Amino acid sequence: MASPDHASTNFDTLLRAAADGNLALMECLDAVTREPRYVLCAIGRTDGEYVFAPFGHLANGNPYDAYLPPDPDDPTGLLVSPAT
């Protein structure tokens with residue numbers, strides 16, 4: 001399963017930011033739940049000011065419980081439960 005263009009572009013930007021030392025982990029509040037989130041941000045500068053571009057947050061708890069991976073037997077599908 002190929003990643004969409006926007007995801008690949010954002011991933012490349014994130015890799016460049018990390019390689020250049022322009023990556024930050026910021027504590028933010030979730031806009032809906034108001035719970036703290038730890039957000040990966042690329043750091044840029046615009047007109048002498050810092051700009052933090054959020055790319056995603058770290059998973060709470062065990063990230064293996066939060067996501068289901070691609071199905072190794074079906075390159076176009078995802079596993080639908082941890083047991084499959």
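This report covers model confidence, charged contacts, rings, a surface patch and some backbone features of one protein.

The structure is a predicted model, in which local features need pLDDT of at least 70, side-chain atom pairs count only at pLDDT 80 or more, and totals for chains, interfaces and linings use all residues. Residues are numbered from 1 along each chain as its sequence is written, and side-chain values use heavy atoms, with hydrogens and water left out.

**Confidence**

The mean pLDDT (the predictor's confidence in each residue, from 0 to 100) is 87 for the protein, and 94% of the residues score at least 70. Helices (H or I, at least four residues) and strands (E, at least two) are DSSP runs, numbered from the N terminus. Where pLDDT is low, the predicted coordinates should not be read in detail.

**Charged contacts and rings**

Side chains of opposite charge can pair when their charged atoms come close. One salt bridge is found in the whole structure; the term requires a side-chain nitrogen of Lys or Arg within 4 Å of a carboxyl oxygen of Asp or Glu. The partners are Arg37 and Asp30, with 3.2 Å between the closest N and O atoms. Arg37 and Asp30 are both buried, where buried means under 20% relative accessible area, exposed over 50%, and partly exposed in between (1.4 Å probe, protein chains only).

Arg45 lies over the face of Tyr50, 4.7 Å from the ring centre. For this contact, NZ of Lys or CZ of Arg must be within 6 Å of the ring centre and within 35 degrees of the ring normal. A search of the whole structure for aromatic pairs finds zero. Such a pair needs the ring centres of Phe, Tyr or Trp (its six-membered ring) within 6.5 Å, and is stacked with planes under 30 degrees apart, edge-to-face over 60 and tilted for the rest.

**Surface patch**

Leu25, Tyr38 and Leu58 make up a nonpolar surface patch with about 280 Å² of accessible area together. Patch members have over 30% relative accessible area and no salt bridge; like charges are joined within 9 Å and nonpolar side chains (Val, Leu, Ile, Met, Phe, Trp, Tyr) within 5 Å. Areas come from the Shrake-Rupley method with a 1.4 Å probe, and for residues only the protein chains shown count as cover. Tyr38 belongs to strand β2 (residues 36-46) and is partly exposed because its relative accessibility is 37%.

**Positive phi in loops**

Arg34 and Asp47 are residues other than glycine with positive phi. Arg34 sits in the loop between β1 and β2, and Asp47 in the loop between β2 and β3 (49-57).

| Residue | Phi | Relative accessibility |
|---|---|---|
| Arg34 | about 65° | 55%, exposed |
| Asp47 | near 50° | 78%, exposed |

**Contacts across the sequence**

Asn10 lies in helix α1 (residues 5-19) and is partly exposed at 36%. Its C-alpha is 7.5 Å from that of Phe55, although Asn10 and Phe55 are 45 residues apart in sequence. Thr13 is also in helix α1, and its relative accessible area of 25% makes Thr13 partly exposed. Between Thr13 and Phe55, 42 residues apart along the chain, the C-alpha separation is 9.5 Å.
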